[in-house]
Structures are given as structure tokens and as C-alpha cells.
Amino acid sequence: EGVIPQEYTLIKMEVVPPFPSKLVALEGRKVYLAAATLRPETMYGQTNSWVLPDGKYGAFEINDNEVFILTEKAALNLAYQRLSRFPEKPTCLAELTGHDLIGLPLRSPLAYNEIIYTLPMLSVLTDKGTGIVTSVPSDSPDDFMALQDLKLKPAFRAKFGVKDEWVLPFDIIPIISTPEYGDRSAEKICTEMKIKSQNEREKLDAAKKFIYKGGFYEGVMTVGEYAGMRVQEAKSLIRSKLLELGQAVVYSE
Ligand code: A2H
């Protein structure tokens, strides 16, 4: 944890009722998985969300009507940022693990897919952001490899109780084009670097750094309201819009 605060956008991914048994007590309220991202302009390309299977999560009361599912640490940070029913005091309505969340159907802002599912990713850190990550396999090497692992390995799906229909219909959605890496930059860099799975941490970190700059400085949006606009300019416009519409909140840690 550094001294310079990191400012994320928290994307409110709505859990679609009917709720599973662990969440029935929350019936009647708006319940969201709150995903921390640095790339709000990529939300068009969401194919799923990620949780850590053994991670500890909770359903925390944000106000009378809204509940966020995230880690306790993130709930405490939010409470200090005045996003909690009681100031500076998170109220946990249900204790959950990642396993409880796998398979939850979600409706997520800007997503081309009307419904996306919650899936396991082993590299999710529970001490960073909210412990909930939204998946954009077109532009994130981590997301691309984790989705690839689930798509290509039936035993891996079975291990976490992941149904075929939560994964197999979801393909990469091209959303940003760059001169060097085209519009599926994550796939291209993973292929070039011969990355074989989501567990190749060092290679994936290098891949991420490599395409991040290109995406930001040379990328152009190919979809949505800002199609044709440079990512550099579209990013803050898309973020402001999400915040304005109440589909996202600011979160810093
Ligand atoms: B980014 P930084 Cl398209 N564990 O969002 C693991 N990864 C996490 C996380 C956690 N607890 N919380 C957030 N993240 C991911 C989109 C994206 C992201 C794209 C491309 C690159 C990218 C879609 N996933 O991040 O360590 C989230 O993924 C590359 C840096 O705080 C978040 O933004 O710098 C990013 O890592 C935050 O990483």
C-alpha cells in the first residue's frame, strides 16, 4: 500500500433477482457487486465478473435501498468516504465467500451483454480495490487468460461448479483499436508472449504494462457513444457519465 492514493471507479453490477439462498434476506433491495476499475472506458466489453473463490466478502448496507457486495476492507474505506448507512461504520447484512458468488447473474453498466456471470479468477487480490473485478478480455491480459482457462479446461470449470452457459457463449468484444495491437490487444500480446495460463504472473504483468500505454495514448474507441474518439479523451467523459447516472461511484484507497 503506497502513500499516493489510487482512485478507482466502482462499477455497480446489479445482481439480477431471484436471489440465491445466501442472499434471500436482501430481497427487495438493490444489490450490486462493486467492481474497482482503472479503465471505465472499457465497460462496453465486459464478458463476466471475477471473484476469488476462497475470498471473504460481505453484503454491506450503503443506504436504505442499496447494498454493495465487496470485501470488509473496502466497506470500511467506503464508510469513511460517507458511503455507508451509518457514517464510518459498515453494516454487514450477510457474510459470503467467493464460492457463494460464482454463477450470480449481473446487469452491468454499458455492457454489450445484457446479462453476465460471476466467475472465479485465482489472481484476484482481496487486499486491493474491492476484491471484485470486472472482466474485459479484449483489453486486459489477466481477464483474457482467466476466461481462456475456463473456456478451454472443462475440469477447471467443474472444480468451481461453473456451468458451460456462464462461459462458453461469451466471446471477446472488440471496443478499442490501436495501430500496433489491433482491437484484441490482450489476446495478441498473450499469443506473442506465449502465455499459457492465468498463473504466469510475471509474464502477465509485463504484458499488462506493454499494452496499457498503447491503449491509452494511441487507442481509439470503436463502439458506444464516443466511437471514433481517442481513449485519452473518451475516458473521463465515460467516467463522468457513469457517475452522473448513478451507475458508478468514486473509490480511493
Ligand atoms: B482493470 P492496479 Cl480492460 N485483484 O479494469 C486483481 N486485479 C484487480 C483488483 C484486485 N482486487 N481490483 C482491480 N483489479 C484490476 C479493466 C482493465 C483493467 C483493463 C485493462 C487493464 C486493467 C477490466 N478488468 O488494469 O494494480 C482491474 O482491472 C491494468 C492495471 O490498482 C483494475 O483495472 O493498478 C486494475 O486491476 C487495477 O490495478
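Residues are numbered from 1 along each chain as its sequence is written. Because the model is predicted, local features need pLDDT of at least 70 and side-chain atom pairs count only at pLDDT 80 or more, while totals for chains, interfaces and linings use all residues, and side-chain values use heavy atoms, with hydrogens and water left out.

The protein contains 7 helices and 12 strands, these being DSSP runs (H or I of at least four residues for helices, E of at least two for strands) numbered from the N terminus. Its radius of gyration is 17 Å, close to the 18 Å given by the globule rule for 253 residues, so the protein is as compact as a globular protein of that length. The radius is taken over C-alpha atoms, and the rule is 2.2 Å times the number of residues to the power 0.38. Along the principal axes, the C-alpha trace spans about 50 × 40 × 35 Å.

Of the 253 residues, 51% are buried; buried means under 20% relative accessible area, exposed over 50%, and partly exposed in between (1.4 Å probe, protein chains only). Among contacts with a separation of 6 or more, 70% join residues 24 or more positions apart, a contact being heavy atoms within 4.5 Å.

The largest nonpolar core has 50 residues, of which Tyr57 and Ile69 touch the most other members. Such a core is a set of buried Ala, Val, Leu, Ile, Met, Phe, Trp, Tyr and Cys residues joined through side-chain atoms within 4.5 Å. Helix H7 (residues 231-244) supplies the largest share of this core, 4 residues. Apart from this core lies another, of 14 residues, including Leu10 and Phe68. Beyond its neighbours within four places in sequence, Ile69 is in contact with residues that include Leu23, Tyr57, Leu96 and Ile132.

Asp143 belongs to helix H3 (residues 141-152) and is buried, with a relative accessible area of 5%.

Most residues other than glycine have a negative phi, and most peptide bonds are trans. The bond from Pro17 to Pro18, however, is cis, with omega near 5°; Pro18 lies in the loop between strand S1 (7-15) and strand S2 (30-37). Glu88 has a positive phi, near 65°, in the loop between helix H1 (72-80) and strand S6 (92-97). Leu110 likewise has a positive phi, near 70°, and is partly exposed at 32% relative accessibility.
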